[in-house]
Amino acid sequence: MPYVYLILATLLNSTFNIFGKLFNRKVKSDKDEIYLYNLLLSISATIGWGLIYTFHFSFDINVLIYSLVFGICYIFGIIGTIYALKYGSTTLTSLIISFSLIITAIWGFIFWGSSITILVIIGLLFVALSLFLCLYSKDHRDKSISFKWLFYVSLAFLGNAGCSIVQKTQQINFEGNHGSMMMFFAMVINTIFFLIIYLKSDKANSKQLLKQVGWIPTCAGFSNTLLNLFIILLATTSLSPSLIYPVLGVGGLSFVTIFSFIVFKEKMQWWKLLGVLFGAIGVVLLSI
């Protein structure tokens, strides 16, 4: 059963970005449509975590501050992700976001007492080489790397790193308790935020969009909830984190790369593909 959890979590780890790219390809994705996407995603994630929280009910008012900070980071993360997928490659976007492990690792060295190992140093070197290869362009006319994509993927990168840091800090400070509570109230905060933004936007096409592509952000929200649920379940198994997180990172990235090539017809120069490979190795080393 632990390996079933790991396989399902690995597949789910890739679906968030795939759903986002699919949405961008089906609609023109202006700001109003993306507001609806983020609102539906947040609602489905809130429902999912609400069900989980019901079965793991606990309450500590001090956890709410973690929910607030996590919610803010999550808002930046999903806004950055959907726009980065609009302006750039699915594979490169997924790779850069996975590099948020760097910030989490550095935070761990400073605040969690994590040790700096030779594997971490080598992993950081692989990540640096990966970034160079992925962002390098021989032709100034190459539009695969744009300023807009760099801005939004950086926003997603920082948002994802913030979520990881807040979640880990909360679990450390509360001895592994109240994790479901933190996630549920964080999703409630996201839903309220995106509802306010959506109500102020042009809602003329909302009904048509709900019929045509409303299932995409809904599935993205539930898949993200299931991913976190399987990660929680994996933490209770005998599998080592040094196996779980590298498999999640590299497996998810591999699936995104293959899916993007076959379904989205995204192609990359050989050196960027090599950069993705080096990045995958870096993610593994940083996860061990």
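Visitor: Is Cys73 buried or exposed here?
Guide: Cys73 is buried, with a relative accessible area of 15%, where buried means under 20%, exposed over 50% and partly exposed in between, using a 1.4 Å probe and protein chains only. This is a predicted model, in which local features need pLDDT of at least 70 and side-chain atom pairs count only at pLDDT 80 or more, while totals for chains, interfaces and linings use all residues. Residues are numbered from 1 along each chain as its sequence is written, and side-chain values use heavy atoms, with hydrogens and water left out.

Visitor: OK, and how many disulfides are there?
Guide: The count comes to 0 disulfides, a disulfide being a pair of cysteine sulfur atoms within 2.5 Å.

Visitor: Which cysteine sulfur is closest to that of Cys73?
Guide: That is the sulfur of Cys163, which at 5.3 Å is too far for a bond.

Visitor: Switching to rings, how many aromatic pairs turn up?
Guide: A search of the whole structure finds 19 aromatic pairs, counting rings of Phe, Tyr and Trp (its six-membered ring) whose centres lie within 6.5 Å, with planes under 30 degrees apart taken as stacked, over 60 as edge-to-face and the rest as tilted. Among them, Trp107 and Phe111 have ring centres 4.4 Å apart and planes at 35°, so this pair is tilted.

Visitor: Where do Trp107 and Phe111 sit?
Guide: Both belong to helix H5 (residues 101-112), where being 4 residues apart separates them by about one helical turn; helices are DSSP runs of H or I with at least four residues, numbered from the N terminus. Trp107 is partly exposed at 32% relative accessible area, whereas Phe111 is exposed at 53%.

Visitor: What about Phe151 and Tyr152?
Guide: Their ring centres are 5.0 Å apart and their planes stand at 80°, so that pair is edge-to-face. Phe151 is partly exposed, with a relative accessible area of 45%.

Visitor: Which residues do ring pairs link into a cluster?
Guide: Tyr53, Phe57, Phe59, Phe184 and Phe185 are linked in this way.

Visitor: New topic: how far does helix H7 reach?
Guide: Helix H7 (residues 147-173) has 27 residues and spans 39 Å from its first C-alpha to its last, close to the expected 39 Å, which is 1.5 Å times one less than its number of residues.

Visitor: Last one, where is Ile116 found?
Guide: Ile116 lies in the loop between H5 and helix H6 (118-135), and at 57% relative accessibility it counts as exposed.

How values were computed:
Helix = DSSP H or I, 4+ residues; strand = E, 2+ residues; numbered from the N terminus.
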